[in-house]
Amino acid sequence: ICSVISSSQIPLFVTWKIGRDKRLRGCIGTFSAMNLHSGLREYTLTSALKDSRFPPMTRDELPRLFCSVSLLTNFEDVCDYMDWEVGVHGIRIEFINEKGSKRTATYLPEVAKEQGWDHIQTIDSLLRKGGYKAPITNEFRKTIKLTRYRSEKMTMSYTEYLAHRQHHHFQNGIGHPLPPYNHYS
């Protein structure tokens, strides 16, 4: 099963959060189907170091980090921008901004629920995230092209990662603990 999963072509997002309150620290992914192994390698680093909303992560932050991988599935284009369920579906919107340019934005399935948002709050926040600056009317919301999707998500803290890495190292018969992990690979 593992070899089937690792050779799968699937869209994915990598999300980093930090601290006890798990504040967002980076999130980047792709809707293009990618090889899981190479996609994880690429987007783990990209979301850690190149999310324009945040400075690149530092080595000092590692002990406080949580990394989540979301594998995206079940994409469905829907006719009504309200045709999705908070906490179940991620949504990707496409719209024409006030300058006539096509823009897109997405929230993973957990975002609206974590923020306590309803459908309208989520859509409006997503429009702003996508760069829409004009007043948002119900008529404009009806022009949005919305795709809903689901995701399979797994999260691991840095501490859990170190424990897993050390356990895996011992299982392979090497017999001594690994040095502290101090670089990205």
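Visitor: Which strands does helix 2 lie across?
Guide: Helix 2 (residues 36-49) lies across strand 1 (9-18), strand 2 and strand 3, and runs at about 150° to strand 2. Helices (H or I, at least four residues) and strands (E, at least two) are DSSP runs, numbered from the N terminus. Axes are lines fitted to C-alpha atoms, for helices over the stretch in contact, and angles run from 0 to 180 degrees between N-to-C directions.

Visitor: What sort of model is this, and how are residues numbered?
Guide: This is a predicted model, in which local features need pLDDT of at least 70, side-chain atom pairs count only at pLDDT 80 or more, and totals for chains, interfaces and linings use all residues. Residues are numbered from 1 along each chain as its sequence is written, and side-chain values use heavy atoms, with hydrogens and water left out.

Visitor: What is the average pLDDT of the protein chain?
Guide: The average is 88, and 86% of the residues score at least 70. The pLDDT is the predictor's confidence in each residue, from 0 to 100.

Visitor: And where is the pLDDT below 50?
Guide: That applies over residues 176-185. Beyond near neighbours in sequence, this stretch has 19 contacts in the model, a contact being heavy atoms within 4.5 Å.

Visitor: Back to the fold. How many helices and strands are there?
Guide: The protein chain has six helices and six strands. Along the sequence their pattern is α-β-β-α-β-β-β-α-α-α-β-α.

Visitor: In what order do the strands sit in the sheet?
Guide: The six strands form an open sheet in the order 2-1-3-6-4-5, with antiparallel pairing. Two strands pair if DSSP finds at least two bridges between them.

Visitor: Which strands stand at the edges?
Guide: Strand 2 (23-35) and strand 5 (102-107) do; each has a single partner strand, so one side of each is left without a neighbour in the sheet. From one strand to the next, the twist averages 25°.

Visitor: How many bridges join strand 3 to strand 6?
Guide: Eleven bridges join strand 3 (residues 65-78) to strand 6 (residues 145-157), and the two run antiparallel.

Visitor: What about strand 4 and strand 6?
Guide: Strand 4 (residues 90-96) is antiparallel to strand 6 and is joined to strand 6 by five bridges. Arg92 has Thr147 of strand 6 as its bridge partner.

Visitor: What does Asn74 touch?
Guide: Not counting residues up to four places away in sequence, Asn74 touches Arg148, Tyr149 and Arg150. The side chain of Asn74 also makes a polar contact of 2.8 Å with the side chain of Thr73. A polar contact is a pair of N or O atoms within 3.5 Å; within protein, one must be able to donate a hydrogen and the other to accept it, and residues adjacent in sequence count only if both atoms are side-chain atoms.

Visitor: Where is Lys22, and what is its phi?
Guide: Lys22 is placed in the loop between strand 1 and strand 2. Its phi is near 50°, a positive value in a residue other than glycine. Lys22 is partly exposed, with a relative accessible area of 42%; buried means under 20% relative accessible area, exposed over 50%, and partly exposed in between (1.4 Å probe, protein chains only).

Visitor: Is Asp124 buried or exposed?
Guide: Asp124 counts as buried, because its relative accessibility is 18%. Asp124 is found in helix 4 (residues 119-129), and a polar contact of 2.8 Å joins its side chain to that of Arg141.

Visitor: Changing topic, how many disulfides are there?
Guide: A search of the whole structure finds zero disulfides, a disulfide being a pair of cysteine sulfur atoms within 2.5 Å. For Cys27, the closest cysteine sulfur is in Cys67 at 9.9 Å, too far for a bond.
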